[in-house]
Amino acid sequence: MQLRYVYSELGQGLRRNLSMHLAVVLTLFVSLTLVGIGVLFNQQAAKAADHWGNQLQITVYLCRANDSSAVCPNAVTDAQKTEISAVVEDNPEVADFHFESSEQALDKARELYGDELFSGDNPAITAEDMPQTIWITLQDPEKYEGITSAVQGLDGVSKVRDMREQVAPILESINMLQWVALGTAAFLVFAALLLVANTIRLAAFARRKEIGIMRLVGASTLYIALPFLLEALVTALIGVALAGAALWGFMYFGIDEISQNRLKFVPWIGWDEFWLAAASVAILGPLLTLLPTLVLTRKYLKV
């Protein structure tokens, strides 16, 4: 296979249909960026739900040493925790539950507020200051009074917190933004597929004489289709690079510089989540151009 010819055809094809390729690149750029943002919002919602509890959860705070609650003369004992666990497990309103230790609660607070308050010789907050909790997932978000009253009066229970009214609007807003981003991205992905199909059709028409000659001399299917595949790959890589840069800007300026400084009570996503979104975009971009190109070259080139 003469690679010089393939690269020559690639360059000519990119120049010949420059406006169409630019349209594909821009459409891919916007759609992949929105897909990436949708992935980030999905991870943000999961992180917020993990920290605060989702709309089906209530939290039982257990007594700790020097607890300010009048019902907590002493820290909760293992026997009391066993009794509380049995009551929760037997309640029909409960779908699932898990314990969170004081150390786990401290780790959550450290992740949210940084290490400054929790390090040094005299840390402002230690694990002893953090209460143990039981996170209860409800069968039905409207049925919670039974389990609340069942655990509220037990020995070792400090209070029961139901933050669903506060958490629900935050999670709903994040989920709405996620679905708006993904819905718009789906529409733009469809537009990108139409542009790819139209670009291939125009490119095949412009090269119809060369393609006819190659058929006569017995050129293989891959040899004829390779310039089209490389054009699709180049446009995909440019679109992926632009979308990756836009996601990096969104993370750096939107999350790191603004949100984390102004809204410190929210457990924000980090760069690990960014790399997952970037990987999703990097995989989706080439698939959106190479797969339709493989299918349509057989139709328009008739090879």
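Visitor: Where is L230 found?

Guide: L230 is found in helix 8, residues 221-262. Helices here are DSSP runs of H or I, at least four residues long, and strands are runs of E, at least two, numbered from the N terminus. This is a predicted model, in which local features need pLDDT of at least 70, side-chain atom pairs count only at pLDDT 80 or more, and totals for chains, interfaces and linings use all residues. Residues are numbered from 1 along each chain as its sequence is written, and side-chain values use heavy atoms, with hydrogens and water left out.

Visitor: Is L230 buried, exposed or partly exposed, and what is its relative accessible area?

Guide: Start with the cut-offs. Buried means under 20% relative accessible area, exposed means over 50%, and partly exposed lies in between (1.4 Å probe, protein chains only). L230 has 21%, so it is partly exposed. Its C-alpha atom is separated by 8.6 Å from that of L290, 60 residues apart along the chain.

Visitor: Which residues make a nonpolar surface patch?

Guide: Patch residues have over 30% relative accessible area and no salt bridge; nonpolar side chains (Val, Leu, Ile, Met, Phe, Trp, Tyr) are joined within 5 Å, like charges within 9 Å. A salt bridge is a side-chain nitrogen of Lys or Arg within 4 Å of a carboxyl oxygen of Asp or Glu. Here I283, L287, L291, L294 and V295 make a patch of about 480 Å². Areas come from the Shrake-Rupley method with a 1.4 Å probe; for residues, only the protein chains shown count as cover. V295 is found in helix 9, residues 271-301. At 58% relative accessibility, V295 is exposed.

Visitor: What span should helix 3 have?

Guide: The expected span is 1.5 Å times one less than the number of residues. Helix 3 (residues 78-90) has 13 residues, so it should span 18 Å; its end C-alpha atoms are 18 Å apart, which agrees.

Visitor: Which residues of helix 3 are buried?

Guide: I84, S85 and V88 are buried in helix 3. They cover an arc of only 100 degrees around the axis, so they sit on the same side of helix 3. That arc is taken from the directions from the helix axis to the C-beta atoms. On the other side of helix 3, A79, T82 and D90 are exposed.

Visitor: What do the buried residues of helix 3 pack against?

Guide: Contact means heavy atoms within 4.5 Å. The partners are strand 1 (57-62), strand 2 (94-100), strand 3 (133-138), helix 5 (145-152) and strand 4 (157-161).

Visitor: How many helices and strands are in the chain?

Guide: The chain has 9 helices and 4 strands. Of its 303 residues, 43% count as buried.
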